[in-house]
Amino acid sequence: MQPIRESPDAGVVGAVPPRRHPIRAVALLQVLAAAGYGVWLWLGLALLLGLGQSGRSGTLVPLALGAVLVGAAPLLACLRVPGLTQWHGWQPRPGHRPTRSALTALLTWLPVLAVAGLAHGDNSFWVTRLAGATLMLCCLVSLSQATHDDRATLPAPLQRATALLPASRITTATYTGGLWMWLSVLTQQGAFQDGRGAYLWALLLLALALGLGLLESGMWQSLRGEPEAATGEAASRHRFPARLLAALLTYALPCTALLLGGATGHLAAAAVAAASALLGQMLERQLYESALADAAAQPPATARVH
């Protein structure tokens, strides 16, 4: 969700800046960051409830995995990679102040460092649990703030049409992050130590997949339902094959892997599920934000009702 070429209203105070179609690399980094926040969410919840793995490695491995996924985008922005120089609307350069979402994302690293320093033994110390709860809350706030800032750049009709976007972003993070957490556990243990817990974990991820599918369907319906935000039947038909592919990658392959290897702990199934969900969500995000860009470019007077 970034500005594009100048429009006649670009110099008008209060005018909503135009938007451009998302770059694939940007969409991938955004989905990677969401998955990383999801890993931290699950880790923080596990520490809070005392369900985390024993030992420092059981905490540090998912913590480091989330750091790699979340930290890829700001690292590339600091390295000034062409096309990836902005992070949450902020260019990490001297003299550039962080945006609210960038500042919130930076503050999320503080509980990450706290958990890394406190991880020890069975992680039952109350300060460790408090750090886990703080990590979980910071991830939720960061996801919500970034979504709020993205929606704030939209015209009023599209803000109504994207009312489900915050819930969808958080569900995406918990779903994709849960798949990566599954992979992280299997790489350390080879299999789940508790068979019943493995079944419950698989059922939970399947429920999240169902919830995410309903939310995404509702978002597309809301986008088509707004007269000012109508994207046109031709554009919808054009995007349908890509949306079908995104659904197969996001839901069909990971859910099949969960059903076949969720309880038995097949490492290959977990790897396929995590990678497939990432690719599917990257494609879905790119398609949805392209639809938003097309809708924002339409003059309200010429919007059609479907």
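Thr 174 is buried in this predicted model, because its relative accessible area of 16% falls under the 20% cut-off. The residue belongs to helix α7, which covers residues 165–189. Its side chain has a polar atom 2.8 Å from the backbone oxygen of Thr 171. Leaving out residues up to four places away in sequence, Thr 174 touches Gly 38, Leu 41, Trp 42, Leu 205 and Leu 208.

Now for the next residue along. Tyr 175, with neighbours within four places in sequence set aside, is in contact with Leu 205, Leu 208, Ala 209, Leu 212, Thr 250, Tyr 251, Pro 254, Cys 255 and Ala 277.

How confident is the predictor, and what is the average pLDDT of the protein? The average is 82, and 80% of the residues score at least 70. Two stretches deserve a careful eye, and here they are side by side.

| Stretch | pLDDT | Contacts in the model |
|---|---|---|
| Residues 1–17 | under 50 | 23 contacts beyond four places in sequence |
| Residues 301–306 | below 50 | eleven contacts beyond near neighbours in sequence |

Key: Residues are numbered from 1 along each chain as its sequence is written. Side-chain values use heavy atoms; hydrogens and water are left out. Helices (H or I, at least four residues) and strands (E, at least two) are DSSP runs, numbered from the N terminus. Buried means under 20% relative accessible area, exposed over 50%, partly exposed in between (1.4 Å probe, protein chains only). A polar contact is a pair of N or O atoms within 3.5 Å; within protein, one must be able to donate a hydrogen and the other to accept it, and residues adjacent in sequence count only if both atoms are side-chain atoms. Contact means heavy atoms within 4.5 Å. pLDDT is the predictor's confidence in each residue, from 0 to 100.
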